Amino acid sequence: MIDTLLYGVTIGAILYIFSIGLSITFGTMQIVNFAHGMVYSLGVYLFITFLPWVAGIFPLAMALAVAAMLPIAYLVERFIIRRLYGESLDYAIIATYAVLLIGADVIKYIWGTEPQPVSDPIGIPLVIFGVVIQLYRVVVFLSAIVLFIGLKIFFTRNVIGKVVIAALEDRDGVRALGLDVNKYFSIAFIIGSGLAVLGGVLYSPITTSEPYMGFHILLLAFAVVIVGGMGNLTGTFFSAFALGMVIAITGRLYSSAADTMVFVVMALVLLKDPIFNFFRKLVGKPAIS
Amino acid sequence: MLEVNSIDVSYGHAKVLHDVSIRLNQGEMVFIVGRNGAGKTTLLRTIAGFMTPTGGDITFEGQPIAGMAAEKVARRGVRFVAQDKKVFSDLTVKGNLELAAHASGEPLERATERLLKIYPQFEKFLDNKAGGLSGGQREILLIGRALVGEPQCLLIDEPTEGLAAIVIEDIFRILNEMKEKVSGIIVEQNLSVVARLADRIYIMKEGKIEREVVNPAEISDAAELECYL
């Protein structure tokens, strides 16, 4: 059971790191950004390319992949996402989904369709309560905790972070002060994109990388963001770990249902008010709107 | 200082402002009154840059601002305080001021001093989350926040709406003190406040300016104005 829980926190950590950018984009711009999956998968493939160039130094290849993807993320934000502000949600879904598809095709064109394995950069096993786990997974988990604390500090102490937090709540209020919200959203978008690459790279030794890897994690991340609350960065943290546990525990009991159960939890969260009111009515109490 | 000339504003196909013209002179406090749905908020939001008029023009200090982005209008010195009393609730009171200070380039200390000058009771709340403030305190914070950087003009939408009488007196005092330093267009339904503060009044009805009241005797007679609400 311990190994299942540890697997859950590892998946939760990856989901958190990936979902942060999505949560910010959802919360600030009200845009469903499928292009986040493209940034993630393309970043991982760049990392795999850079790794032999830097003599297999994992952190260096990771930093290069993040740095290489930031200008691409900026271009996506500047020329696609920014044009979708205030537009119908359908346009955002179609446009960003197109970017995701283009990303997958670019990967297939350059790197082919064969899955790309990445070996564990640490390769040291640990024995915890009699269970052998890889130290790398502990590092992934700790990275998520450090990021959570770092982002908390950024969003509560740094003025850019504060503007983003304020705009999540009242975009017009921020504009009325004379602040160009789009500029701050761009910064938040690029930070989120960098984190998506980071999440993808950290996940690559645990899974295999393939051109459509962005699609799968994207769906799970949408569930994380919906359960945690759009734009709620603390909620995203806890929901990522909770859903990571759901995946791990369901996967242990019935592996085919692991992902499905994530969406069952999401549906229950979305339906919590009607369900709550149904039971209130059953016991003769009025519904709460 | 600020001139709105024959503007029309629409929400989609529905025209909500028809040929509206108002002006604000330096040092004036002009009030807009009218029933719900008369177009008062739309007028303020259009001046503030949140809506674009389909016709007419708006000038501030002789420069056209109609259709200009809200943040640019704010940087020109026209600040908008919305009706919803929405502060940045996850930030502290000081954090709210900090964003305004960051936008205007004014030091935070000066912005804080100014807020404490208009409402000294904030001293003990400065490091509290703004979300915990009462409705009246939120409105005062919003006004204090809008004053950061010494704008020339404030647009305030229904500052006393939903507030207790004692808080309304605080808001009245703040607006009265502000009168000497900044010009303002204020949408207000509380006619006792209007009667005591207004230099001029525009009455709005069904998206049009029904009347401009300039006579001090008429302005100070709240009962007389009642018929327009």
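Biologist: What makes Phe58(A) and Met62(A) in H3(A) count as buried residues?

Modeller: In this predicted model, a residue is called buried if 20 or more other C-beta atoms lie within 10 Å of its own. Phe58(A) and Met62(A) are listed among the buried residues of H3(A), which also include Val66(A), Met69(A) and Glu77(A), so each of them meets that cut-off.

Biologist: Where in helix H3 of chain A does a kink lie?

Modeller: The kink, of about 25 degrees, lies at Leu70(A), shortly before the proline Pro71(A).

Biologist: How do you know that Leu15(A) touches Leu220(A)?

Modeller: Two residues are in contact if their C-beta atoms lie within 7 Å. Leu220(A) is listed as touched by Leu15(A), together with Ala221(A), Val224(A), Ala240(A), Leu243(A) and Gly244(A), so the C-beta atoms of Leu15(A) and Leu220(A) lie within 7 Å.

Biologist: Why are strand E6 and strand E10 of chain B called edge strands?

Modeller: They belong to an open sheet of six strands in chain B, with the order E6-E7-E8-E3-E9-E10 and mixed pairing. Strand E6 and strand E10 each pair on one side only, and they are the edge strands of chain B's sheet.

Technical notes. Residues are numbered from 1 along each chain as its sequence is written. Chains are lettered from A and ligands numbered from 1 in the order in which they are written. This is a predicted model: local features need pLDDT of at least 70, side-chain atom pairs count only at pLDDT 80 or more; totals for chains, interfaces and linings use all residues. The bend at a residue is the angle between axes fitted to the seven residues ending there and the seven starting there. Helices (H or I, at least four residues) and strands (E, at least two) are DSSP runs, numbered from the N terminus. A residue is buried if 20 or more other C-beta atoms lie within 10 Å of its own, exposed if 12 or fewer, and partly exposed in between; C-beta atoms are placed from the backbone. Two strands pair if DSSP finds at least two bridges between them. Lists of a residue's contacts leave out its neighbours within four places in sequence.
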